[in-house]
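Subject: Structure for you to look at

Dear colleague,

Please read the notes with the structure open beside them.

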Amino acid sequence: MRLLTFLLAAALVAFHLTLVFLGLVPNLISRPVHLALALPWILLVPGQTGWLRISGIALTVIGVATTLWVAVMHRTLANQYGFIESPFQMAVGFVLLGVVLEAARRAIGWPLPLVALLALLYGLFGQHIPGEFGHSGTPLASFIGTLTIAEGGIWGSLTGVSVSVVAIFVIFGAVLNAGEAGQGFMNLASAAAGRLKGGAAKVSVLSSALFGSISGSASANVASTGAITLPAMTRLGYPKRLAAAVEAVASSGGQIMPPLMGAGAFVMVELTGVPYTQIMAAALLPAILYFVAVWIGVDAYASRYDLKGIAAEDAPGWRTVAVTSAFFAVPFVVLLAGLFVIRVTPQYAASLAILSAFVLLFFNARGIGTWRETAARIEDACLNAARQVSMIAAIIICASIIIGVLAITGLGVKITSLILSGAGGLLWPALLLTALACLVLGMEVPTTAAYVICVSVAGPALRELGLDTLQAHLFVFWFALLSTITPPVCGAVFIAAGMIGENWLKVAITAMSLGFGLYIIPLAMIANPALIDLSGSPVAAVATALQIALGLAMMSIGMIRRHLGKKRFGLVTTGALIIFAPVFVN
């Protein structure tokens, strides 16, 4: 069984790499096969018993059979233009929708599949709804066919992003993490910041920024770096709520730090048409500002609690740092060289980086590893890649149902009109309404799915009110991330609090003061558009970033340093005025 599991994982990894190196494959082949390879990792979970196991096996067999049928029949289906022509095809369509909904439910719980199910019901019966929110109706054969046998719905462009780009970068992160790269991140962070005031917390900030740039998952970040940083902070006398808050806030930043951005960057490429390198450039300075604000907050807490740095004997030597850093530096250099020197596509550059990281699995900090150690690393890389690719596939394909229904019924346009009328045609009220919607939706579904749904309905309204496309998308993406640290549902906080044994609400309150940049920086992008124009006007972008950094520093100090008394309000107010000066001037 272990061998079979490994071979299945290796097949998934090999399939996605082969797609990159061998060239074009019809979408109605690559996308269904992508789902077929992902389904077993979601529906056949080890340890299941009884009905869950039986239903998982049945759904896997049926799901894989129907997806492969679509792949085999792709030429015939392409000529039907999304119109179902037989009862058998109708049955296949309903089975595919059911399997996708159940796979998403087992992967991430009820909320997203429930929203997708409501969307399906609206598409099927919305013509009976009176008023402007009803629709004219769509023939059943056309509605189900568009969602299941055409290059729309579950086989749409978002699924294409999952197949061709997201999967490759997830595999890249899994291969890096299977080797010594994670230890390299920790060693580099410890050497750079460990001896500073509040050093253990600053190590958490740096290591989470580095690790998060490839993991793209707040939860994975907390579990990985937190296993090292949380005990270290506890030993040095950090209050538990502060230690857990630092880890949760720093780890949440991984989803806004290029290159991976929790798969958001690649979805953004598809939805905006903006090149990947330009999105990375636009996202870089805001992400750095976020970690700068967290760093300053950590420093303020360190002064408040008189927190010391890591002892010199516990810090890694520079030789160890140099050797272990090579395990992530070499693949990153290959990735960047592919993007900016050779100028190949992001997925091709990442594939080259995967190969270099794979070679490094044969080595450790002492030299060539044993065969047993190397085999364990290869197995770990394949298994983690398969699980993560499958999880993201379940999320994106389920979200694609919602996007498909919005397009078929025109509901997205109606919601856009509602936002515009509710905001009175004014930009800032529309931004606040959108932010609230992102926060609520982000509490129930993963960040990428919340971003896709919110930007599909709110994005057009924001663009109509004058925002640049990339501004609107980055704004929505940042606010979709708020739920990682904002009660009542704050995933990163729950994990960090559980790991250290502290009340989650205390951790959440501290996390919100440390991570306040998540609430402020998206608004700063709107007030200061130059901030995200690093590729077009680098001097203006850096100058704007410095201005915002000053404002964030003043706000952070004012919120955290209680001994300043009445001066705290002045600092927070002045910092906000500095950040949003262009709004008041205009």
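Val175, Leu176, Gly179, Glu180, Ala181, Phe327, Ala357, Leu360 and Leu361 line the largest cavity, where a cavity is a set of points, on a 1 Å grid over the protein atoms alone, at which a 1.4 Å probe fits but cannot get out, and lining residues are those with an atom within 4 Å of a point. Two or more residues of this lining come from each of helix H8 (157-178) and helix H16 (346-360), helices being DSSP runs of H or I with at least four residues, numbered from the N terminus. By class, the lining consists of 7 nonpolar, 1 polar and 1 charged residues; here Ala, Val, Leu, Ile, Met, Phe, Trp, Tyr, Cys and Pro count as nonpolar, Asp, Glu, Lys and Arg as charged, and the others, Gly among them, as polar. The largest cavity holds about 40 Å³ of space, a volume being the space filled by probe spheres set on the points, with grid points joined across faces, edges and corners, and the structure has 1 cavity of 30 Å³ or more.

Before going further, please note that this is a predicted model, in which local features need pLDDT of at least 70 and side-chain atom pairs count only at pLDDT 80 or more, while totals for chains, interfaces and linings use all residues. Residues are numbered from 1 along each chain as its sequence is written, and side-chain values use heavy atoms, with hydrogens and water left out.

The second largest pocket, a pocket being an open set of points with protein on both sides within 12 Å along at least five of seven lines, has a volume of about 700 Å³. Its lining comprises 19 residues, of which Pro40, Trp41, Leu44, Val45 and Pro46 lie nearest its centre. Helices H1 (2-22), H2 (27-43), H3 (50-72), H5 (87-108) and H17 (371-409) are the elements that give two or more residues to this lining, which divides into 12 nonpolar, 4 polar and 3 charged residues.

Two of these helices, H5 and H17, have axes that come within 9 Å and cross at roughly 130°, the axes being lines fitted to C-alpha atoms over the stretch in contact, with angles from 0 to 180 degrees between N-to-C directions. H5 and H17 are therefore oblique to each other, since angles under 35 degrees count as roughly parallel, over 145 as roughly antiparallel, 65 to 115 as roughly perpendicular and the rest as oblique. Leu97, Val100, Leu101, Ala103, Ala104, Ala107 and Ile108 of H5 meet Met391, Ala394, Ile395, Ile397, Cys398 and Ile401 of H17, contact meaning heavy atoms within 4.5 Å. This contact has 13 nonpolar residues, with no polar and no charged ones.

With best wishes
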